[in-house]
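Please read the following points alongside the model. They go from the whole chain to single residues.

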Amino acid sequence: MDDYGKIKACILQPAKVVIVSHQSPDGDSIGASLAVTHLLTQLGHEVVPIIPDPAPDFLHWMPGFDEVKVYDQEQEDCNQKIKEADIIFCLDFNDLNRVGAMAEHIRMNRNATLINIDHHREPKMFATYHYLNHHTSSTAQLVYELFDKMGFDKLFNTATAECIYTGIVTDTGSFRFSSTSASTHSITSQLIHLGVDGAQIHQRVFDNYSESRLKLLGYALNEKLLFLKEYSTAIIYLTEVELSKFHFQKGDTEGLVNYPLSINWVKIAILITEDKNKVKLSFRSKGDFPVNELAGKYFSGGGHQNAAGGMSKSSVEETLNTLKKVIPLYAEKLNA
Ligand code: 5GP
Ligand code: MN
């Protein structure tokens, strides 16, 4: 879905722009938001990037991050910016409810043009204009493609390139996942020409563990990894008490769900974590098993074929028991 001509016409005149992305911000949502912020600022717009809740520490170095408002912490100010906005960019989500309490305020501003740039399946088409492709590696890649197509490629600079690179690298597992295409690599090549230091970004994003985070990883893999070998599934489950023993900080379980996938027979990896009485699930798969379907059907979630998320209203233990009942329903598909 591609309204690029209309999007271009819409951003030609300087306006008040708000940029929003999904709850539990990640490298792609922040990377795409900051890239659009840099590009639109150069076009003369007044731009306010807003994230629903705080971002993990390993993203705080990103160019422009200091300008990002956190809705949870500055609700009144953010609501005012949303109310005054002429254009609202909605990045890296396919359903307005993914921004939490902000959604209601966005809906209340009926004068704003909503522009949705996203790479998730089954978009809810809530915006005025769309730039969507679920085959693309990341929203950051779509931002590059869209601005290039609109003829604004001259505006790309090192800061924008670093933001886009971070989005691509985090959403592709460092160019590993099947969503990594030839155009992902050729765009990445352009980003390097623009001054991106890939090794430095990898270090900033991935080599920044605290001692307790590394020990939590050890504990999770040693003590809290359950195998359902018959169903090619591995599950890690952690309660809030366990997480607090390891001085849990936001972002400390990022990437943890990928570890079980390194076992040759594992096709589905699931991470269950408890945070302030909420139980969150992260799903990853290899090959063509659609974890977004599983997340959507049983855990009010969604995402992509190989990476999805969801929630549970039960305890960690009950959620684990639910999974033990649900996973066998997919036995045929898993053994195919
Ligand atoms: P993660 O496991 O890293 O939190 O999320 C993996 C993927 O699933 C991301 O693309 C994310 O956007 C999506 N996702 C995570 N949680 C949810 C959720 O609660 N609902 C929906 N629809 N998608 C989610
Ligand atoms: Mn993404």
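What percentage of the 336 residues in the protein do buried residues make up?

1. Burial. Buried residues make up 51% of the 336 residues; buried stands for under 20% relative accessible area, exposed for over 50% and partly exposed for what lies in between, with a 1.4 Å probe and protein chains only.

2. Basis. This is a predicted model, in which local features need pLDDT of at least 70 and side-chain atom pairs count only at pLDDT 80 or more, while totals for chains, interfaces and linings use all residues. Residues are numbered from 1 along each chain as its sequence is written, chains are lettered from A and ligands numbered from 1 in the order in which they are written, and side-chain values use heavy atoms, leaving out hydrogens and water.

3. Overall fold. The protein has 13 helices and 12 strands; helices (H or I, at least four residues) and strands (E, at least two) are DSSP runs numbered from the N terminus. Its radius of gyration is 20 Å, close to the 20 Å that the globule rule gives for 336 residues, so the protein is as compact as a globular protein of that length. That radius is taken over C-alpha atoms, and the rule is 2.2 Å times the number of residues to the power 0.38. Along the principal axes, the C-alpha trace spans about 60 × 40 × 40 Å.

4. Contacts. Of the contacts with a separation of 6 or more, 65% are between residues 24 or more positions apart. A contact means heavy atoms within 4.5 Å.

5. Metal site. Asp28 (OD), Asp92 (OD), His119 (NE2) and Asp171 (OD) coordinate the manganese ion (ligand 2) at 2.2 to 2.4 Å. Asp92 lies in the loop between strand 4 (87-91) and helix 4 (102-108) and Asp171 in helix 6 (residues 158-171), so this pair ties together parts that are 79 residues apart in sequence. Both Asp92 and Asp171 are buried. Donors are N, O and S atoms within 2.8 Å of the metal (3.2 Å for Na, K and Ca); water is not among the atoms, so sites may look incomplete.

6. A buried residue. Thr184 belongs to helix 7 (residues 182-193) and counts as buried at 0% relative accessibility. Leaving aside residues up to four places away in sequence, Thr184 touches Ser137, Gln141, Ile168, Phe175 and Ser179.

7. An exposed residue. Asp66 sits in the loop between strand 2 (46-51) and strand 3 (69-70). With a relative accessible area of 72%, Asp66 is exposed. Its C-alpha atom is separated by 22 Å from that of Gly100, 34 residues apart along the chain.
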